[in-house]
Structures are given as C-alpha cells and as structure tokens.
Amino acid sequence: MKEYRPYEIIHLSLDKSKTLLQKKNFDEGLYVIIWWKEIALGQFFVEPGTDVGKDEYLNLVASAIQPSLLFYSNNTLLKVLDWKDWLLNHNTDEWNQKITTVLDGVNAGKF
C-alpha cells in the first residue's frame with residue numbers, strides 16, 4: 001500500500017496577515033486557502049517535501065487569487081492598480097489599503 005504524507009491546511013487571511021510565509025520546507029505538504037475577510041479568494045497546494053522560497057510562495061499566492069480579483073473588479077480596476085507588485089514586495093499595508101476598494105463591495109453583498 002502506498003504511503004501518503006499528510007498536508008497541513010493553512011487559512012491565509014490577507015486582510016490580517018503581516019507574514020505570508022512562515023516556513024520554507026513543506027515536509028508534510030501544504031494546502032493554502034487564501035481569504036480576504038470572509039471572502040475565499042483562491043487556493044493552492046505545495047507537494048510534500050517541496051522547498052519553496054519566499055518569492056515562489058508569493059507568486060503562488062498571487063496566481064491563486066488573480067482570477068477572483070479580476071472577477072470582482074470586472075477586469076478593470078486591477079489593471080490600473082499594482083496589486084501584484086504590492087503583494088510580491090510584501091507591502092501588505094498598501095496592498096490592504098488599495099484592495100479594499102475592490103473587495104469591500106463584495107463584503108457589502110453588491111455582487
């Protein structure tokens with residue numbers, strides 16, 4: 001019988017988190033669900049035993065949330081905002097400030 005390694009499940013709250021990456025080697029594997037307040041923005045997996053650097057991890061986060069952000073902004077606002085640069089440069093304060101303009105309408109039930 002094949003042995004399966006467990007996955008750690010992480011709920012990453014982008015509206016609260018100042019630290020997006022806490023470890024580099026994911027021996028157990030990782031399943032990340034990315035949130036903005038109560039809105040699930042995306043998800044991704046990191047296979048067990050994979051070494052993931054900070055830049056690669058942030059790219060995984062950005063790639064996972066991009067479809068939701070484009071949807072909620074009607075494919076327009078995010079083309080103007082440098083949301084990906086703010087996220088990849090770990091500028092969470094500015095990211096949170098600007099992305100609020102996109103996602104607060106979702107929290108208010110406007111979508």
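These legends accompany close-up views of a predicted model. Local features need pLDDT of at least 70 and side-chain atom pairs count only at pLDDT 80 or more, while totals for chains, interfaces and linings use all residues. Residues are numbered from 1 along each chain as its sequence is written, and side-chain values use heavy atoms, with hydrogens and water left out.

**View 1. Strand S3 and its burial.** S3 spans residues 30-36. Of its 7 residues, 5 are buried (under 20% relative accessible area, 1.4 Å probe, protein chains only). Strands are DSSP E runs of at least two residues and helices are H or I runs of at least four, numbered from the N terminus.

**View 2. Partners of S3.** Strands pair if DSSP finds at least two bridges between them. S1 (residues 8-13) pairs with S3 in the parallel sense, over 6 bridges. Here Leu12 stands opposite Ile34. S4 (residues 39-46) pairs with S3 in the antiparallel sense, over 7 bridges. Val32 faces Phe44 across this pairing. The S3-S4 hairpin has 2 residues between its strands, and Lys37 takes a positive phi near 55°.

**View 3. Surroundings of Leu41.** Contact means heavy atoms within 4.5 Å. Beyond neighbours within four places in sequence, Leu41 contacts residues including Leu14, Ile34, Trp36, Ile65, Tyr72 and Leu103.

Conventions
Buried means under 20% relative accessible area, exposed over 50%, partly exposed in between (1.4 Å probe, protein chains only).
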